[in-house]
Structure formats: C-alpha cells, structure tokens
Amino acid sequence: MRPAAIFTGLTGMVVVAGLLMAGEARLRGGAVGEETTSAEETATAAEAAPAAGKAAAISDDQAEMIARSAEPAVPPAPDPGGDVAPKPANIAQKAETTAGQAAGPAAKKPMELARPMVENAGMLSFGERKLQLTGIVPTPADRICGPAGRQWPCGMMAKTALRQLLRNRSVTCDVETAEWKETVTAACRLGTQDLGSWLAENGWAEAAAGSPLAGIAETARQAGKGVYGADPRRK
C-alpha cells in the first residue's frame, strides 16, 4: 500500500473519532442541562407548595361570601305594571294584615262590671257609662200599662223587678273595653243567667226586631206576664 493512502486513511479515522467524541460531549451536556432544569423546577414547585397551602386556608367571612355566591339566584318578582313599584310578598302580606286588623272592630270579651245601676228594664249604668242589653227594647221607667181605670206603672214595676234580680251585684258583660264612652249595646249575665233573656221571658221587655228572643217574648205575651198582664199588686 502507498504511504499517501495510509496517511489519508489514518487522518479520516482521527476526524471520525473526534466527531464522535464531540457528539458524546454534547449529549452529556444536554442531559446535565435537563437534570439541572428539572432540579430547578422541582425546587420551585417545592417552594410554591407551601404558598399554595397557605392560600387554601381562608377566613370565615370569605367562606360565607363563597357560600352566598353558590346559592341559586332568586327570580325577580313579576312586574305589576304601571308605575307601581313591586313589594316583597311578606311585606305586602304583613301590611294587608295590619290594615285589616286596624279597620276591623275590636273583639268583644267578657268583663266583670261592678254593681250596675238600673236605669230601666233593659238599660244599666256604670257612673257616666250606659249599657243597653242586647236583643230587647228597654221598657221606659215611666211607661203605663192597662186599660183606663185599671192602669198601672208597668215601667217602674219592670225596673224594680230587674233591680231585685241584681241586688247590687256585679255582672259580666261582653264589651270591647271596660272604659267605653256614652252608650254601648252588649249581652250581660248574672252568673249564668242572661239578663236580656230573663226580661223577655218574664214579660218585662219586648224583643227587638230580628232578635233571637222574639219567641220567648211572644210566649210571655200570650201568658200575660209582665207588661202584658194586669197590675201584679192587685193579685
């Protein structure tokens, strides 16, 4: 073999070996760079992990805000039309209830009234306050009954009969308040005895129009009791 050919072959082998060594060095350098990068990323992630843990801990106020934001939205109330502003249902209902209670009369309840004075058969007085018994027409104290020549003061006798029944005792009346003004109409009882029923049953007062005591008063009239009969003083 010629010397020139041998030299050329050796030179080529040296060049190839150099190229292989350079390539191996580059490969090693890239692996080291990747390992360095991975290590840096791992360290960064490790540092970020505690920060993320701290961010996960929120206050009670923040938790309440998050819970409220998660609640479903309430649909708006339908537009009533016109220029009238819609009212919440609960406020409108409360306002209507309050207005109804204010417009309605106060409820009557049994109240004990001490020692009434008898104005006539059907009218009681408590000082300046007066009370007319329900269901009857009070018999005036100056009423005169009976035919000519046999007349008698039936109004005064009816008043006396009611006074003897009460005998200055307290009664229970269904009134709105114990401090009313002027005259009120109410049912009153002496124990369990209704005063209006007692007057109608004994003929000392007539029943008012449409009163449930009409039947009792008619029975007393047919029996000639009280103002429908003769002077009881002559019996």
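User: Hi! Let's start with cysteines. How many disulfides does a search of the whole structure find?

Analyst: Hello! The search turns up two disulfides in this predicted model. In sequence order, the bonded cysteines of the protein chain pair as 1-2, 3-4.

User: Okay, what are the sulfur distances for Cys 145 and Cys 154, and for Cys 173 and Cys 188?

Analyst: The sulfur atoms of Cys 145 and Cys 154 are 1.8 Å apart. For Cys 173 and Cys 188, the sulfurs sit 2.0 Å apart.

User: And which hand does each link have?

Analyst: The link of Cys 145 and Cys 154 is right-handed, with 65 degrees about the S-S bond. The link of Cys 173 and Cys 188 is right-handed too, with 115 degrees about the S-S bond. That pair links distant parts of the chain: Cys 173 belongs to strand 6 and Cys 188 to strand 8, 15 residues apart.

User: Are those cysteines buried or exposed?

Analyst: Cys 145 is buried, at 5% relative accessible area, and Cys 154 is buried at 0%.

User: You mentioned strand 6. What order do the strands of the open sheet have?

Analyst: The open sheet has four strands in the order 1-6-8-9, with antiparallel pairing. Strand 1 (109-113) and strand 9 (193-194) stand at the edges; each has a single partner strand, so one side of each is left without a neighbour in the sheet.

User: How many bridges join strand 1 to strand 6?

Analyst: Five bridges join them, and the two strands run antiparallel. Strand 6 covers residues 171-175. To pick out one of the partners, Lys 109 is bridged to Val 175 in strand 6.

User: Changing topic: which residues touch the most other members of the largest nonpolar core?

Analyst: Those are Leu 131, Leu 195 and Leu 199, in a core of 33 residues. The elements giving two or more residues to this core are strand 1, strand 3 (123-126), strand 4 (129-133), helix 4 (154-166), strand 6, strand 8 (188-190) and helix 5. Helix 4 gives the largest share of the core, six residues. As background, nonpolar side chains in soluble globular proteins tend to be buried together.

User: What is Leu 199 in contact with, leaving aside neighbours within four places in sequence?

Analyst: With those neighbours set aside, Leu 199 contacts Ala 121, Gly 122, Leu 133, Ile 136, Leu 162, Trp 204 and Ala 205.

User: What does the side chain of Asn 120 have a polar atom 3.0 Å from?

Analyst: The backbone nitrogen of Met 123. Apart from neighbours within four places in sequence, Asn 120 is also in contact with Pro 138, Thr 139, Pro 140, Ala 141, Lys 159 and Leu 162.

User: Great, thanks!

Technical notes: Residues numbered from 1 in each chain as written. Predicted model: local features only at pLDDT ≥ 70, side-chain atom pairs only at ≥ 80, totals over all residues. Heavy atoms only, no water. Polar contact = N/O pair within 3.5 Å; in protein donor to acceptor, adjacent residues only side chain to side chain. Contact = heavy atoms within 4.5 Å. Pairing = 2+ DSSP bridges. Core = buried A, V, L, I, M, F, W, Y, C linked by side-chain atoms within 4.5 Å. Buried < 20%, exposed > 50% of the residue type's maximum accessible area, 1.4 Å probe, protein only. Disulfide = S-S within 2.5 Å.
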